[in-house]
Amino acid sequence: MKIILTVIGKTSEAYLREGIEKYASRIPRYVPFEIKTLPDVKMKAPSAERQKEAEGQMLLASLRPGDSLVLLDERGRELTSRQFAGYLDRKMSILPANLVLVIGGPYGFSKAVYDRADEMLSLSKMTFPHELIRLFITEQIYRAMTILRGEPYHHD
């Protein structure tokens, strides 16, 4: 199994890119990992719905048959870091294809993406900029891997 973090648009802030790259470079020691960046949708004065639809079509087209699609969404299930480690451990043992974690654009996901999703996870009930969530989830994937290996990164 490979973990793919799919995001819409480039990370604009250098400090966020640096943090994301720090953790993303460590994850492949434990599990195949990739960050897939889909381009920003270019429309003149798009409505939120039109933008979500266009992003959704692009996202769905990027998936392969058999991929498990997990949306990072404020309405998803919240897990502790240890629970997330267990979640990834179970996925690594049962999934024959990729685990695709997706961070949507600024307006969230289209109905078609919600319909295709296998599940939703939430990092918090609070709302954060989608670029900041990229850093949070990348660090949490790394943390989960160290928990599974019994390495001294995570402290309860």
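Are Phe84 and Tyr87 buried or exposed? Both Phe84 and Tyr87 are buried, where buried stands for under 20% relative accessible area, exposed for over 50% and partly exposed for the range in between, with a 1.4 Å probe and protein chains only. The structure is a predicted model, in which local features need pLDDT of at least 70 and side-chain atom pairs count only at pLDDT 80 or more, while totals for chains, interfaces and linings use all residues. Residues are numbered from 1 along each chain as its sequence is written, and side-chain values use heavy atoms, with hydrogens and water left out.

Phe84 and Tyr87 both lie in helix H3, three residues apart, or about one turn of the helix. Helices (H or I, at least four residues) and strands (E, at least two) are DSSP runs numbered from the N terminus. With neighbours within four places in sequence left aside, Phe84 is in contact (heavy atoms within 4.5 Å) with Leu79, Leu121, Ile137, Gln140, Ile141 and Ala144.

In soluble globular proteins, nonpolar side chains tend to be buried together. A nonpolar core is taken here as a set of buried Ala, Val, Leu, Ile, Met, Phe, Trp, Tyr and Cys residues joined through side-chain atoms within 4.5 Å. The largest nonpolar core holds 30 residues, and those touching the most other members are Ile3, Phe84, Leu88, Leu99, Leu101, Ile137 and Ile141. At least two residues of this core are supplied by each of strand E1 (3-8), helix H1 (14-26), strand E3 (68-78), helix H3 (81-94), strand E4 (99-103) and helix H5 (130-148). H5 contributes the largest share, eight residues. Another core, of 12 residues, lies apart from this one and includes Ile4, Ile8, Leu69 and Val100.

Two further buried positions are found in elements named above. Ser68, in strand E3, counts as buried at 5% relative accessibility. Not counting residues up to four places away in sequence, Ser68 touches Lys91, Leu95, Asn98, Leu99, Val100 and Asp118. Ala24 lies in helix H1 and counts as buried at 16% relative accessibility. Apart from neighbours within four places in sequence, the contacts of Ala24 are Phe33, Ile35 and Thr138. The C-alpha atoms of Ala24 and Tyr142 are separated by 7.7 Å, with the two residues 118 apart along the chain.

A pair of aromatic rings is described by the distance of the centres and the angle of the planes. Rings of Phe, Tyr and Trp (its six-membered ring) pair if their centres lie within 6.5 Å; planes under 30 degrees apart count as stacked, over 60 as edge-to-face and the rest as tilted. The count by this rule is six aromatic pairs. The rings of Tyr23 and Tyr142 have centres 5.8 Å apart and planes at 40°, so this pair is tilted. Tyr23 in helix H1 and Tyr142 in helix H5 are 119 residues apart, and the pair links distant parts of the chain. Tyr23 and Tyr142 are both buried. The aromatic pair of Phe84 and Tyr87 is stacked, at 6.1 Å centre to centre and 15° between the planes. One aromatic cluster is formed by Tyr23, Tyr30, Tyr142 and Tyr153. The charged end of Arg26 sits over the ring of Tyr142, 5.2 Å from its centre; this relation requires NZ of Lys or CZ of Arg within 6 Å of the ring centre and within 35 degrees of the ring normal.

Grid points are joined across faces, edges and corners, and a volume is the space filled by probe spheres set on the points. One cavity of 30 Å³ or more is found, and the largest cavity has a volume of about 50 Å³. Its lining comprises 13 residues, with Ile8, Glu55, Gly56, Leu59 and Phe109 the closest to the centre. Helix H2 (48-62) and E4 each supply at least two residues of the lining of the largest cavity, and the largest share, four residues, comes from H2.

The largest pocket has a volume of about 430 Å³. Of the 22 residues that line the largest pocket, Leu72, Asp73, Glu74, Thr127 and Phe128 lie nearest its centre. Two or more lining residues come from each of E3, strand E5 (119-122) and H5, and E3 gives the most, with four residues.

Technical notes:
1 Å grid on protein atoms, 1.4 Å probe; cavity = no way out; pocket = protein on both sides within 12 Å on 5 of 7 lines; lining within 4 Å.
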